Amino acid sequence: MRILELGHVVLFVSDLQRSADFYRDTLGFKELTRRPGAAAFSAGRTHHEMLLLEVGGEPERKEETKPGLYHIGFKIGDGPEAAKQAYKELKEKGVPIIGTGDHGVTHSIYILDPDGNELELYADVSDAWKTDPAAIMRPTRALDLE
């Protein structure tokens, strides 16, 4: 067996309407369908790339580092201008930005969804990783998107 690609991500959310609206309206993810308790999204690559399942409760962000999901990365475009434009749009929509980073091959913006899940919104800025796989592990540099 061999994994061909990451197919989809499923998140438990406390409030489906709030989370689905965030992914659709704030991040621009195409909502395919919504029914009580579930909403499916796709960027068009596959039948669904994200599924939200409502479980209720209170959102909880764990500050300590321990095994488990760290963040989900979403490609938002190519080139430094794509990251700058996304940064501007997030600021205009009042989305708190918890960090940015120049990873050499990507320019990244880090935010939290309504349940505290960390999301990386990134633009590819180099394809150096294709000839030098170590390029993806280079130290992160500061990135000013203002």
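A salt bridge here is a side-chain nitrogen of Lys or Arg within 4 Å of a carboxyl oxygen of Asp or Glu. The legends below describe close-up views of a predicted model.

**View 1. A salt bridge joins E81 and K84.** The side chains of these two residues meet at 3.9 Å, N to O, which is a salt bridge because the cut-off is 4 Å. E81 and K84 both lie in helix α2 (residues 80–92), and because they are 3 residues apart there, about one helical turn separates them. E81 is exposed, at 56% relative accessibility, whereas K84 is partly exposed, with a relative accessible area of 36%. By the rule given above, the count of salt bridges comes to 13.

**View 2. K75 and D78 form a salt bridge.** Their side chains meet at 3.0 Å, N to O. K75 counts as partly exposed, with 43% relative accessibility. D78 has a relative accessible area of 55% and is exposed.

**View 3. Salt bridges link D21, R24, D25, E31 and R34 in a network.** Among the residues of this network, E31 and R34 meet through their side chains in a salt bridge of 2.8 Å, N to O. R34 is partly exposed, at 30% relative accessibility.

**View 4. An open sheet is formed by 4 strands.** The order of the strands is β1-β4-β3-β2, and their pairing is mixed. At the edges stand β1 (9–13) and β2 (30–35); each has a single partner strand, so one side of each has no neighbour in the sheet. From one strand to the next, the twist averages 20°. Helix α1 (residues 16–26) packs on the sheet and touches β1, β2, β3 and β4. The direction of helix α1 makes about 165° with that of β2.

**View 5. Strands β3 and β4 run antiparallel.** Strand β3 covers residues 38–42 and strand β4 covers residues 50–54. The two strands are joined by 4 bridges. A38 has L53, in β4, as its bridge partner.

**View 6. W129, I136 and M137 make a nonpolar surface patch.** The area of this patch is about 370 Å². One of its residues, I136, is placed in the segment after β8 (118–124). I136 has a relative accessible area of 52%, which means that I136 counts as exposed, the cut-off for this class being over 50%.

Terms used. Residues are numbered from 1 along each chain as its sequence is written. This is a predicted model: local features need pLDDT of at least 70, side-chain atom pairs count only at pLDDT 80 or more; totals for chains, interfaces and linings use all residues. Side-chain values use heavy atoms; hydrogens and water are left out. Patches are made of residues with over 30% relative accessible area and no salt bridge: like charges are joined within 9 Å, nonpolar side chains (Val, Leu, Ile, Met, Phe, Trp, Tyr) within 5 Å. Accessible areas come from the Shrake-Rupley method with a 1.4 Å probe; for residues, only the protein chains shown count as cover. Buried means under 20% relative accessible area, exposed over 50%, partly exposed in between (1.4 Å probe, protein chains only). Two strands pair if DSSP finds at least two bridges between them. Axes are lines fitted to C-alpha atoms, for helices over the stretch in contact, and angles run from 0 to 180 degrees between N-to-C directions. Contact means heavy atoms within 4.5 Å.
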